[in-house]
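I opened this entry to record what I looked up in the model. My notes follow in the order I took them.

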Amino acid sequence: ILAYESPHRIRKLISMGGAGMNLEPAGGHGTPENNFLGRYGPATLEGARASINRSFYEGSQMTEELADAMAQQMFEHGTREGALEGLKPLVRQMATAEIRAQYLIQRRLPHIKVPCLFIWGKGGPGQSGDTMDPYPTWTEEYDKLSGDMSKSVKPWVVPGASYLATPTGHNIQWEKPELFAQICIDYIKKGTVFDGSNTYGG
């Protein structure tokens with residue numbers, strides 16, 4: 001949204017597995033009675049750890065020690081004074097399909113002029129990758145067009161942007177941090193990451 005509304009403030013944008021572009025809320029519609037908002041409560045160490053567990057699979061660099069340290073940090077941030085109540089309005093908005101439809105990011109993507117790189121996980125052994133829109137659609141297009149998304153006719157493609165599907169899950173920065181760092185460095189320095197031959201291990 002910042003790249004759309006304030007392009008003069010951004011030189012380049014890197015979006016990694018960005019959520020919020022799917023119309024249907026991940027956990028159901030936003031009413032106080034449903035399971036999505038019903039599950040929203042104080043952070044727990046077990047819950048933080050569970051959110052990291054999907055980053056364990058063959059080829060991932062995630063370790064038990066790192067996961068424990070990350071979970072502890074997430075728990076400490078989530079239990080700070082005011083954290084629970086402060087996020088409730090945002091959670092309600094994210095859980096309400098009507099609000100999501102009103103502010104659907106896909107409608108803005110074709111109008112973004114800032115150079116962009118979109119990174120997402122297409123999955124690998126034991127890992128399904130990003131499963132929420134637009135990533136399944138992008139993965140299908142990406143494979144069909146051999147990575148050249150400039151040929152895509154989908155309405156949610158940013159003109160001139162770079163797209164890179166990696167052999168990871170949702171959290172490439174956790175699962176393959178060195179790969180993620182190299183991708184970002186390449187894009188910042190060169191303005192592109194994909195020339196039809198470099199698949200970054202994919």
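I noted the ground rules. The model is predicted, so local features need pLDDT of at least 70 and side-chain atom pairs count only at pLDDT 80 or more, while totals for chains, interfaces and linings use all residues. Residues are numbered from 1 along each chain as its sequence is written, and side-chain values use heavy atoms, with hydrogens and water left out.

**Entry 1, Glu76.** I placed Glu76 in helix H4 (residues 64–78). Helices (H or I, at least four residues) and strands (E, at least two) are DSSP runs, numbered from the N terminus. I then checked Glu76 against Thr44: they are 32 residues apart in sequence and 9.2 Å apart in space, C-alpha to C-alpha.

I counted nine helices and three strands. Along the sequence they follow the pattern α-β-α-α-α-α-α-β-α-β-α-α. Of the 202 residues, 41% count as buried. I looked at contacts next (heavy atoms within 4.5 Å). Among those with a separation of 6 or more, 68% come from residues 24 or more positions apart. The accessible surface comes to about 11,600 Å², and 55% of it belongs to carbon and sulfur atoms. Such areas come from the Shrake-Rupley method with a 1.4 Å probe; for residues, only the protein chains shown count as cover.

**Entry 3, the sheet.** In what order do the three strands form the open sheet? I read S1-S2-S3, with parallel pairing. Strand S1 (13–16) and strand S3 (162–166) stand at the edges with a single partner strand each, so one side of each has no neighbour in the sheet. Neighbouring strands are turned by 15° against each other on average, direction ignored. For pairing, DSSP must find at least two bridges between two strands. Strand S2 (residues 116–121) and S3 pair over five bridges. I traced one of the partners: Gly121 bridges to Thr166 in S3.

Is S3 mostly covered or mostly open? I found it mostly covered, with five of its five residues buried. Ser162, Leu164 and Thr166 are buried on one side, Tyr163 and Ala165 on the other. Helix H7 (residues 135–144) lies across S2 and S3, at about 100° to S2. For this angle, axes are lines fitted to C-alpha atoms, for helices over the stretch in contact, and angles run from 0 to 180 degrees between N-to-C directions.

I found Ser146 in the loop between H7 and S3. Its phi is near 55°, a positive value in a residue other than glycine. Ser146 counts as exposed because its relative accessibility is 54%.

I located Leu90 in helix H5 (residues 83–94). Leu90 counts as partly exposed, at 43% relative accessibility.

How values were computed:
Buried means under 20% relative accessible area, exposed over 50%, partly exposed in between (1.4 Å probe, protein chains only).
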